[in-house]
Amino acid sequence: MDDRKIQIVIDSLWPMIKAALQYTITLALISFVLGLILAVLVALVRVWKIPVLNQIAIFYVWVIRGTPLLVQLFIIFFGLPSIGIEFDPFPAAVIAFTLNMGAYNSEIVRAAIQSISNGQWEAAYSLGMTRGQALWRIILPQAARVSVPPLSNSFISLVKDTSLAYTVTVVELFQVAKQITATTYEPLLMYTEAAVIYLAICTILNALQSVMEKRLSRFSAQ
């Protein structure tokens, strides 16, 4: 690698890291938290089979899981303006990723809740708890421990999926890599550098996931 290319890598490193911190990670965090809230609500509707809402939840999960995330993003950002509904790039990306995460994570949460034995519910009822109290105090804490590994994997995947936000002009990590490529004419160098940054972020998240799982396993063993 010649001096020019080394200098390009050095000069482009901070703009990419800044974009990752300002948009990539922020977009992933906001979308994941909102998506998790939506996922819990959808999962509860499906577990309790609430009339009408259950059918709506099933349809929602079916549509989102059966269509590509990129198509969902395009419908929200490029399609909805044709009927008078417009969003700025970042909110559009948040909505798309939230809806996507809500559908996929609802299946994780639903499976975790259903994995808790009926005896736990019966024990809670025998103590005079209502269904809501049993859910909040007994079932959800246990389901949360079961959900941590798959939900962590879901978040790591979401961090990588945020690269699709460049298609709606969100200036995240991959968009910055494209912009720098347009001025340096070094696509291999820039996209490789972007890949290394994504890899570093996901490696850190994987390490945090391992620590969290170990702590939860010790807590469960007690």
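**Exercise 1: a pair of helices**

The axes of helix 4 and helix 6 approach each other within 9 Å, crossing at roughly 150°. Axes here are lines fitted to C-alpha atoms, for helices over the stretch in contact, with angles from 0 to 180 degrees between N-to-C directions. The model is predicted: local features need pLDDT of at least 70, side-chain atom pairs count only at pLDDT 80 or more, and totals for chains, interfaces and linings use all residues. Residues are numbered from 1 along each chain as its sequence is written, and side-chain values use heavy atoms, with hydrogens and water left out.

*Task.* Describe how helix 4 is oriented to helix 6.

*Solution.* Step one: angles under 35 degrees count as roughly parallel, over 145 as roughly antiparallel, 65 to 115 as roughly perpendicular and the rest as oblique. Step two: the crossing angle is roughly 150°. Therefore helix 4 is roughly antiparallel to helix 6. Step three: look at the contact (heavy atoms within 4.5 Å). Helix 4 takes part with residues including F97, M101 and I108, and helix 6 with residues including I139, L151 and D161. By type, the contact residues are 13 nonpolar, four polar and one charged. Ala, Val, Leu, Ile, Met, Phe, Trp, Tyr, Cys and Pro count as nonpolar, Asp, Glu, Lys and Arg as charged, and the others, Gly among them, as polar.

**Exercise 2: another crossing**

*Task.* Find how helix 2 is oriented to helix 4.

*Solution.* Begin with the axes of helix 2 (residues 53-65) and helix 4 (residues 89-115), which come within 9 Å and cross at roughly 115°. Helix 2 is therefore roughly perpendicular to helix 4. Next, find the residues that touch: helix 2 contributes Y60, V61, I64 and R65, while those of helix 4 include L99, Y104 and E107. Sorted by type, this contact has six nonpolar, four polar and two charged residues.

**Exercise 3: the whole fold**

*Task.* How many helices and strands does the protein have?

*Solution.* Count DSSP runs, numbered from the N terminus: helices are H or I with at least four residues, and strands are E with at least two. The count gives eight helices and zero strands. For the overall dimensions, the C-alpha atoms fill a box of roughly 75 × 50 × 25 Å along the principal axes.
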